Amino acid sequence: MTETEQKSPPKLPPGTAVPGAAEALLTERVYAEPPHPYRTPFARDAARILHSRAFRRLAGKTQVFTQLNSDPSKYEPQSDHFRSRLTHTLEVTQIARTLAGTLGLNAELAEALALVHDIGHPPFGHAGEKALDQALQAHGLRFDHNLHALRIVSWFEERYAGFRGLNLTLAVREGIVKHSRDYSAADHPELAEYFLGQFPPLEAQLIDLADEIAYLTADFDDGIDSGILTLEQVRAGVPLFRRFHDAVLQQFPAAAPKLTVNEALKRILNLLVTDLMNEVRVRVAALGATSLEEIRSAPARLAVFTPQVEADRAQAKQFLYDHLYNSPGMEEGHEHAREVVQGLFSALVADPNQLPPDHQAQIATQGLARTVADYLAGMTDSYIEQAWMQCCRR
């Protein structure tokens with residue numbers, strides 16, 4: 001055995017990965033298509049997502065900081081360097097592909113799932129999603145970005161002459177629905193084809209935690225850059241960060257503060273990825289799983305952190321909620337998002353003639369409230385701001 005082979009991380013049993021062959025169940029599409037001569041079904045899915053209009057719109061959607069300044073008299077952090085929903089998605093994709101490839105899972109499926117995982121988010125980030133969900137609740141409906149993403153790839157995207165939507169494989173559609181939560185068949189009979197009584201494959205399970213890893217480290221970076229968080233505050237409130245930052249300061253005592261922060265966050269990211277990888281191996285081995293069916297029927301999801309690292313992650317995330325996401329400056333932006341989303345929603349429900357013709361045509365089958373929500377969810381931050389100014393702020 002060579003030195004390289006000795007150092008290679010151990011792979012999971014081959015049968016635990018989703019097979020990518022064109023004839024496999026999970027590569028089936030709603031509309032049959034001939035196999036591509038040199039691309040796998042999941043590679044084709046990734047390309048279809050990458051080239052979709054909904055994916056491109058992620059560049060104009062908030063991750064944490066909006067690029068708009070609704071009130072010039074108030075300070076709102078703005079920078080071309082803050083993550084958008086698109087750049088966040090690309091970071092999640094890099095992590096997910098690394099995880100899947102190192103574990104011997106289907107990296108092309110993981111890549112497709114990572115690229116599509118946030119495609120259903122409305123403008124203004126989680127504040128916009130909360131506002132849209134509240135607006136729909138008044139009509140007996142809810143907004144769920146996973147289920148909206150499924151609607152996007154199954155219907156709203158129009159790129160092919162033979163069918164509506166992107167005609168993605170069953171594995172990718174299942175992963176869109178189930179990567180971050182489980183749905184009951186009783187509550188969602190329309191999702192019956194997505195194996196609701198079983199856990200998703202590991203490739204999908206990894207996406208939720210790759211997402212956690214990406215935004216946890218990135219939001220500390222952007223939060224400190226914005227000035228809302230200070231280095232001293234993060235050191236005092238996040239033991240995980242302080243531990244790595246102390247090691248960086250010892251190794252690079254003359255480095256600029258910005259570089260020491262980068263080094264510490266890079267090491268945190270590496271810890272989280274490595275811990276997740278190792279714990280997946282431990283749990284699959286403890287289960288004795290050698291097949292995808294055994295992964296699906298496990299007592300619990302197998303993609304998790306070790307208890308200590310999970311505790312560190314949860315504490316760091318709570319710090320971000322307390323001091324960044326729900327900070328006074330950010331709350332002003334959240335309130336503005338609520339005003340824009342719910343104001344425009346109410347205006348369009350009151351006068352559906354303001355909707356574009358293609359959305360007006362959906363009202364007969366989808367209902368007015370859902371149609372308006374679909375229209376708003378597809379907007380970028382700047383577009384919904386302009387529509388609100390024209391419609392509601394006169």
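**Aromatic pairs and ring contacts**

At 14% relative accessibility, F163 counts as buried, because buried means under 20%. This comes from a predicted model. Y31 has 40% relative accessibility, so Y31 is partly exposed. That class lies between the 20% and 50% cut-offs.

These two residues bring us to the aromatic rings. The model holds 4 aromatic pairs. Y31 and F163 form a stacked pair, because their ring centres are 5.4 Å apart and their planes meet at 10°. Planes under 30 degrees apart count as stacked. The pair links distant parts of the chain. Y31 lies in the loop between α1 (3-7) and α2 (41-50). F163 lies in the loop between α7 (145-156) and α8 (170-178). The two residues are 132 residues apart.

Now turn to F220 and F319. Their rings are also stacked, with 6.0 Å from centre to centre and 25° between the planes. This pair, too, links distant parts of the chain. F220 belongs to helix α9 (residues 202-226), and F319 belongs to helix α14 (residues 307-325). They are 99 residues apart. Both F220 and F319 are buried.

Another charge and ring meet at W155. The charged end of R164 sits over the W155 ring, 3.8 Å from its centre.

Technical notes
Residues are numbered from 1 along each chain as its sequence is written. This is a predicted model: local features need pLDDT of at least 70, side-chain atom pairs count only at pLDDT 80 or more; totals for chains, interfaces and linings use all residues. Side-chain values use heavy atoms; hydrogens and water are left out. Rings of Phe, Tyr and Trp (its six-membered ring) pair if their centres lie within 6.5 Å; planes under 30 degrees apart count as stacked, over 60 as edge-to-face and the rest as tilted. Helices (H or I, at least four residues) and strands (E, at least two) are DSSP runs, numbered from the N terminus. Buried means under 20% relative accessible area, exposed over 50%, partly exposed in between (1.4 Å probe, protein chains only). A charge sits over a ring if NZ of Lys or CZ of Arg is within 6 Å of the ring centre and within 35 degrees of the ring normal.
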